Amino acid sequence: MSKSSFYLVIIFAVLIIIAGCTTTVEQEEISDQEAVEEIEEKEQGNSDSKEFESGEGESKSKDQQTEDNISEQEPKALYKVNETNWKVESLTESEKNIVLLTIDDAPDKYSTDMADTLNELGAGAIFFVNGHFIESEKGQADLKRIHDMGFEIGNHTMNHPNLKELSEEEQHREIVELNDLIEEVTGERPRFFRAPFGANTAYTESVVRDEGMILMNWTYGYDWEAEYMEKEALADIMVNTPLLTNGANILMHDREWTMEAIEDIVTGLKEKGYDIVDPREIKGLE
């Protein structure tokens, strides 16, 4: 073989080796890239799956969307207030005995403690508010706390007057100004109105209707009577009075002895077979 031929063979062999190395590197790079893309696809798939399961993805299941819609709905109306006797009546066929708990003159001194106790017992109630108790920062904080615990807030006038002794302009101010203030503090206008001393007027009733509120009175209460201004006596009469009947609209007040007795009152009512109505389930005005 000539020298020139020998050199050509050597050069050709070197070129083959270089080409093989290049192909191997390119194949390894392609393989690595494919592996990276496969990992990214898996991670994206896991992310989409987590978003779907947690309800945070863009494409929620129909069941998830239904649950979201239900959670945003108002509580179902199960009861109504009978304005001839002020009892609460079931809108469904039920043999259960029910009672409604209401607390006036809130939030003076003991309403938040009463709300805590009721919350622990799983008992709903309406807290009827006087405006002069929520003109201070503390009063407003107490009101918001009670509202945020899930209790209904009712209107009991700004200054607790006898509405029958006021002009129509004064009656209007007593009711509407308090609605405005309660809405400012809680974000909601009251659904219920109770006049101090139960003293409504024809004009008061028209204002209440215009404001979209349910007129409220009561069937019995005792905590303003001297002989019941004590825990044991009050708890006993509230549970054992002959006035306790199905649908009773029970009146209590922001008082120390009532606060002390309220756990025994609720426990006693339940032991006698009464369910405590959730006021949020009382039908509003149509």
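Tyr220, Tyr222 and Tyr228 form one aromatic cluster in this predicted model. In this model, local features need pLDDT of at least 70 and side-chain atom pairs count only at pLDDT 80 or more, while totals for chains, interfaces and linings use all residues. Residues are numbered from 1 along each chain as its sequence is written, and side-chain values use heavy atoms, with hydrogens and water left out.

A search of the whole structure finds three aromatic pairs; rings of Phe, Tyr and Trp (its six-membered ring) pair if their centres lie within 6.5 Å, and planes under 30 degrees apart count as stacked, over 60 as edge-to-face and the rest as tilted. The rings of Tyr220 and Tyr222 have centres 5.9 Å apart and planes at 55 degrees, so this pair is tilted. Between Tyr222 and Tyr228, the ring centres are 5.3 Å apart and the planes stand at 75 degrees, so this pair is edge-to-face. Tyr220 is buried, with a relative accessible area of 2%; here buried means under 20% relative accessible area, exposed over 50% and partly exposed in between (1.4 Å probe, protein chains only). Tyr222 is buried too, at 12%, and Tyr228 is buried at 15%.

Attention now turns to a pair of helices. Helix H3 (residues 111-121) and helix H8 (residues 256-271) have axes that come within 9 Å and cross at roughly 20 degrees, which means that H3 is roughly parallel to H8. Axes are lines fitted to C-alpha atoms, for helices over the stretch in contact, with angles from 0 to 180 degrees between N-to-C directions; angles under 35 degrees count as roughly parallel, over 145 as roughly antiparallel, 65 to 115 as roughly perpendicular and the rest as oblique. Helices (H or I, at least four residues) and strands (E, at least two) are DSSP runs, numbered from the N terminus.

On the H3 side, Asp113, Met114, Thr117, Leu118 and Leu121 meet Thr258, Met259, Ile262, Glu263, Val266 and Lys270 of H8, where contact means heavy atoms within 4.5 Å. Within H3, Ser111, Thr112, Met114, Ala115, Thr117 and Leu118 are buried. The cover over the buried residues of H3 includes strand S3 (97-106), strand S4 (126-129), helix H4 (137-148), strand S8 (248-253) and H8. Just after H3, Gly122 takes a positive phi of about 70 degrees.
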